[in-house]
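Colleague: I have not looked at this one before. Can you walk me through it?

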Amino acid sequence: MTESTATRIDGAAFAARLRAEVTRKTALLHEREGIAPGLAVVLVGEDPASEVYVRNKGKMTIEAGMNSWQHRLPDTATQAQLLQVVANLNADPAVDGILVQLPLPDQIDADAVIHAIDPDKDVDGFHVVNAGRLATGLPAMVPCTPLGCLMLLKDHLGDLSGMKAVVIGRSNIVGKPMAQLLLKESCTVTIAHSRTRDLAAECRQADIIIAAVGRPRMVKADWVKPGAVVIDVGINRVRMADGKLKLVGDVDYDAVAAVAGAITPVPGGVGPMTIACLLNNTLEAACRRRGLAVPA
Ligand code: NDP
């Protein structure tokens, strides 16, 4: 096996520090203003992965000193029922953040539900108003996963200005907002996708590669410029030779770590940042809705 030269970017440790900061600021907000931020999570159906995510989000919200509510609907729920739950949460002054866990059952139009959420409570940052605010440089709720990637990049590299970044993936929840954030940092940004010609050549130009595809170990060592920083968003479950399932990213970690300057592992890289950024967004939403600054 080739020797790893890259710095391993420890997203789990960074996320733990960020959660501690959010907890500290939440306590200050409570002490000074008597406000406890609150996050409501809506889960439709019984998807096992979603159950785990929702449970973890609830646990960490409470650990941060915030109020946490869960609203559960059966997988037969209608769109009208779900929209009613969202309307109730929009109207509830104690609720600062609303998160509808995706994916939703087929009978429900996810876009219609996301766009029914009050943009100021849209802590996932998926509402078209927040996407527009981000794209035009206005204060926005920023989607948690790309926000987490940006924090890790800035922690490792400092100023990103002038760097060439390739984002692989153009989804509304990861690829596009990631590209917007990097553009805001004055990177020169290329967004690659399934129709990109010669993806390897595009990647070889990059100082920063963000892989958000959903294809196990797709990014190979000879796609990476020596010293580049590689952020792996992918979460893929692959069956190993012994029959067990293993979590791997979109990057061929061992081989790429021998070429890159720094790389995030899977698990323990971007994943833990997503929940930490959700808590951060909930605190921001609680302050912004009341015209308060987030405590320093
Ligand atoms: P989507 O399926 O919505 O988007 C995948 C993107 O990858 C699309 O834009 C698609 O292109 C592109 N793509 C697919 N195949 C190729 C290819 N061969 N070459 C180049 N591009 C390709 O996924 P998401 O953005 O929602 O998620 C991406 C990954 O990140 C998944 O593994 C997901 O599990 C993970 N994830 C992790 C999170 C975390 O907390 N760590 C949070 C969210 C997602 P096209 O548009 O042309 O189809």
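Colleague: Which helix gives the most to the shell around the ligand?

Modeller: Keep in mind that this is a predicted model. Helix α10, residues 270-289, gives the most to that shell, with three residues.

Colleague: How many residues surround the ligand, and which are the closest?

Modeller: The ligand is surrounded by 21 residues. The closest are Arg 170, Ser 171, Ser 194, Arg 215 and Thr 274.

Colleague: And by class, what does the shell around the ligand have?

Modeller: Ten residues of the shell are nonpolar, nine are polar and two are charged.

Colleague: What lies 2.6 Å from an oxygen atom of the ligand?

Modeller: A polar side-chain atom of Ser 171. A polar backbone atom of Ile 235 is 3.1 Å from an oxygen atom of the ligand, and a backbone N or O atom of His 193 lies 3.5 Å from a nitrogen atom of the ligand.

Colleague: How much of the ligand does the protein bury?

Modeller: The protein buries 70% of the 930 Å² that the ligand exposes when taken alone. The space taken by the ligand is the largest pocket.

Colleague: Changing topic. Where are the cis peptide bonds you flagged?

Modeller: One joins Leu 102 and Pro 103, with omega at about 0 degrees. Pro 103 is in the loop between β4 (97-100) and α4 (110-116). Another cis peptide bond joins Val 266 and Pro 267, again with omega at about 0 degrees. Pro 267 sits in the loop between β11 (262-263) and α10.

Colleague: What is phi of Asp 198?

Modeller: Near 50 degrees, a positive value in a residue other than glycine. Asp 198 is in the loop between β6 (188-192) and α8 (199-204).

Colleague: Is Asp 198 buried or exposed?

Modeller: Asp 198 is exposed, because its relative accessible area is 52% and the cut-off for exposed is over 50%.

Colleague: What about phi of Arg 217?

Modeller: Phi of Arg 217 is also positive, near 55 degrees. Arg 217 lies in the loop between β7 (208-211) and β8 (229-232). Its relative accessibility is 29%, so Arg 217 counts as partly exposed.

Colleague: Last one. Where is Gln 180 found?

Modeller: In helix α7, residues 175-184. Gln 180 counts as partly exposed because its relative accessibility is 27%.

Colleague: How far apart are the C-alpha atoms of Gln 180 and Ala 201?

Modeller: They are separated by 22 Å, with the two residues 21 residues apart along the chain.

Note on methods: Residues are numbered from 1 along each chain as its sequence is written. This is a predicted model: local features need pLDDT of at least 70, side-chain atom pairs count only at pLDDT 80 or more; totals for chains, interfaces and linings use all residues. Side-chain values use heavy atoms; hydrogens and water are left out. A residue is near a molecule or strand if one of its heavy atoms lies within 4 Å of it. A polar contact is a pair of N or O atoms within 3.5 Å; within protein, one must be able to donate a hydrogen and the other to accept it, and residues adjacent in sequence count only if both atoms are side-chain atoms. Accessible areas come from the Shrake-Rupley method with a 1.4 Å probe; for residues, only the protein chains shown count as cover. On a 1 Å grid over the protein atoms alone, a cavity is a set of points where a 1.4 Å probe fits but cannot get out, and a pocket is an open set with protein on both sides within 12 Å along at least five of seven lines; lining residues have an atom within 4 Å of a point. A molecule sits in a cavity or pocket if more than half of its atoms lie within 2 Å of its grid points. Helices (H or I, at least four residues) and strands (E, at least two) are DSSP runs, numbered from the N terminus. Ala, Val, Leu, Ile, Met, Phe, Trp, Tyr, Cys and Pro count as nonpolar, Asp, Glu, Lys and Arg as charged, and the others, Gly among them, as polar. Buried means under 20% relative accessible area, exposed over 50%, partly exposed in between (1.4 Å probe, protein chains only).
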